Amino acid sequence: MKKNSHRTQKIAFFFLFLATLLIVVPVGLIVVMIIQKGLPAINWQFLSDVPRQGMRAGGIFPAIIGTIYLVTGAIIFALPIGLLAAIYLSEYSKDSMLNRLIKLAIVNLAGVPSVVYGLFGLALFVIFFKFGASILSGSLTLGIMILPIIITTSREALESVPQSFREVSLSLGVSKWQTIRHIVLPNAIPGILTGTILGLGRAAGETAPILFTVAAFYLPQLPGSIFDQAMALPYHLYVISTQVPNVDEKIRYGTAFVLLALVLFMNLVAIIIRYKFRKKKKW
Amino acid sequence: MRKFKEFIIEKLILICGIASIFFVVLIFLFLLKEGLAVFNIVSPFQFLFGKSWYPISEPPQLGILPLILGSLLVTLGAAIISIPIGVGCAIYIAEVALLKIKEILKAGIALLADIPSVVLGFIGMVTLVPLVKNIFNLPTGLTALSGSIMLAFMAMPTIVSIAEDALYSVPKNYKEGAFALGATHWQTIYRVILPAASSGILAAIMLGIGRVIGETMAVMMITGNAAVMPQSILVPVRTLTATIAAEMGEAVVGGEHYFALFAIGIVLFIISFAINVTADLFLHKRQ
Amino acid sequence: MVIKFGIKDLNIWFGSTQALKHVSMEVLPNEILSVIGPSNSGKTTFLRMLNRLNDLNPGFRMSGEVIFEKENVKKIDVELLRRKIGMVFALPLPLPLSIFENVAYGVRMHGLANKKRIAEKVEDALKQGYLWDEVKDRMSESAFKLSGGQQQRLCIARTLAVEPDVILFDEPCSGLDPISTAKVEDAMVKLKEKYTIVLVTNNVKQAARVGDRTAFFLSGELIELDKTEKIFTVPQDKRTDGYIRGKFG
């Protein structure tokens, strides 16, 4: 009997291990594959040249720049709103009904399919506000999409600042906002930074929200203003993988590599910041 | 003066605090604004259950049943694959793996969550699609099955991390109690820990499925995009999300096609809203 | 003589549990009032009522009134009230700033920008807290580098820097060794010339050493309040007697 149940356990654990391998091994393979096939495509010309011959030659420079513009715009919009929203949740409305409702809204905002953000951006920014398909419309759409990430991580960072610091500051007759501004925020900055960078990474990789709000199919020049259309890396990868026949495999893998490297680099930076400051923490 | 400044700042904080609610409502309102017009052309019943989606024929036929079934088929396939594997992996990480390996596994799964969906779509096109084609000897590998496998893979980070969280937060004394009664580790997991974490695991599954239904780029790149009633899992299908992504570029603003695509957006919004609210209830029940 | 605090029929609840029951008492100027009692007797709740720090706790409700210098504390601007009533917490709680900035924090926030004046106030406060000689050469170091006793005296100096009338001590020596405790107690006795002090303590002997008057709390009720020597020699209530003899605690 005892022996039997140990054998059952062994079999069960083997299957659990198998399930884990089924997830982790493909992840490793995908990354290795993209590095192996993409890295040889990377050279200075690929990174700095515009696409040529209907995207079958040349580089991806405008797409890189477009993505940088979009991500920057998204963060300029989302960081202030997200940070203040996080301050509201962590410092002002603990345990209230409204707090609960806001959290539910954030969960839903995080769950809205990315293509629906695209529709929303099209209806509100492109058409209603008449921004047209432009960097501005795309940035705002991406900004709203990454808002939940920024709010959630910033709130965690703010809440991890010990309550006693707040009490000390308030007990000196310092106002609530001064306490937040001078005690809570400075000590939450690493966490907020982490959240911001994670948001950046997410915005850089998304395709569906920019499909109808900004992305240009083939625009071998740099955008001149925020009201211009732009190419973007993820959309470019989509286009050369599905819409343009006979694109050299090297260019596809090269583009995938640059996009993946960009996103993973940002996530790596976020992890390093978190790790470094956790070690340095004084309380 | 300082008091006045702080008064303004605190009002600003309140406004940003409720911005999330504002945006959710705004998204829904704008979907309604652009999408409801489709019901001047077709009835809601015809729209949801009509079997033909020919939006650019004359007159347009705007039945989204093939798209709903496409989404359902792909999602169902993904759920069947991802639930046992995802929950199994979560159990392995939470209960069986050694601490060091645990960190590596978690990092690997977090890595998966970070890979942009268009990159996964691209990789699926060059690896999974030919594989499915060859194994089943099909004219094309761009099928519902390929989509299901890819989406199951993409749902993993959500399922594993939330389920692992739920398993981890089962009080330690439950486990010690079971051990004290002479149960093996597996018996403890199976009879004590899994039931105790069930509502959290359910939430994990629901949110994973939510992710699957909402996924756009990868699914558009590998399911073949045929907006017809699917007959099997080995034929091309077209999901709700892919339809919007693929066709909005060609739709004329203010035209019937345009309205219909927004109406699909309404359907997607309602589905994701329902899933997220329910999952949130499950997660709260746990606490 | 103006009474510092007049407390009338004070009841406090956190959610459904009542933390203080019908407390009425007075705090006199320039005295050290010790508040003793077992844990969960409502001592700290009482103390945090005086500077309205209880307001931060979820589920806080109260009835009755607390009068500070003839005015109800609810009517006084809370920031002004807390400037006048400083507080030193149970554990040394330096802010994550330098030694200098810890002491300067309050005055800076209250609008003083003149660097020379700030430095003067910091020096003055540190001298009153008997810490100046130990830290004057290392003002820019992190406050966390100080020893526990030094940190607690830094907290006292930080409180003094904003020039309060009253200082509330919430078990200020609970984390300290006997030598550091003696230093903090010395500081308290000297401080009462200028300030009114309310000292909540778990340490009955400490109350006997430094308190002019002593209040005994039990299960949220004020059992007895009298001159310290009377409480410790001829207590009126046998529960007080039992507690100070160590029969329960």
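## Position of A:Gly118

In which helix of chain A is A:Gly118 found? In this predicted model, A:Gly118 belongs to helix 5 of chain A, which covers residues 114-128. A:Gly118 has 29 C-beta neighbours inside 10 Å and therefore counts as buried, the cut-off being 20 or more.

When neighbours within four places in sequence are left aside, the contacts of A:Gly118 are A:Thr141, A:Ala208, A:Pro209, A:Leu211, A:Phe212 and A:Thr213. A:Pro162 lies 44 residues from A:Gly118 in sequence, and the C-alpha atoms of A:Gly118 and A:Pro162 are 40 Å apart in space.

## Helices 6 and 7 of chain B

Helix 6 of chain B spans residues 117-136 and helix 7 of chain B spans residues 144-168. Their axes come within 10 Å and cross at roughly 135°, so the two helices are oblique to each other. The crossing of helix 6 of chain B with helix 7 of chain B is right-handed.

On helix 6 of chain B, the contact is made by B:Ser117, B:Leu120, B:Gly124, B:Leu128, B:Val129 and B:Val132. Helix 7 of chain B contributes B:Leu145, B:Ser146, B:Ile149, B:Met150 and B:Met154. By class, this contact between helix 6 and helix 7 of chain B has eight nonpolar and three polar residues, with no charged residues.

## Contact between chains A and B

How many residues does each chain bring to the contact between chain A and chain B? Chain A gives 70 residues and chain B gives 68 residues. The side of chain B that touches chain A consists, by class, of 46 nonpolar, 16 polar and six charged residues.

Definitions and conventions
Residues numbered from 1 in each chain as written. Chains lettered and ligands numbered in written order. Predicted model: local features only at pLDDT ≥ 70, side-chain atom pairs only at ≥ 80, totals over all residues. Contact = placed C-beta atoms within 7 Å. Nonpolar A, V, L, I, M, F, W, Y, C, P; charged D, E, K, R; others polar. Axes fitted to C-alpha atoms, helices over the stretch in contact; angles between N-to-C directions. Helix = DSSP H or I, 4+ residues; strand = E, 2+ residues; numbered from the N terminus. Parallel < 35°, antiparallel > 145°, perpendicular 65-115°, else oblique. Left-handed = near helix turned anticlockwise from the far one by under 90°. Buried ≥ 20, exposed ≤ 12 C-beta atoms within 10 Å, placed from the backbone.
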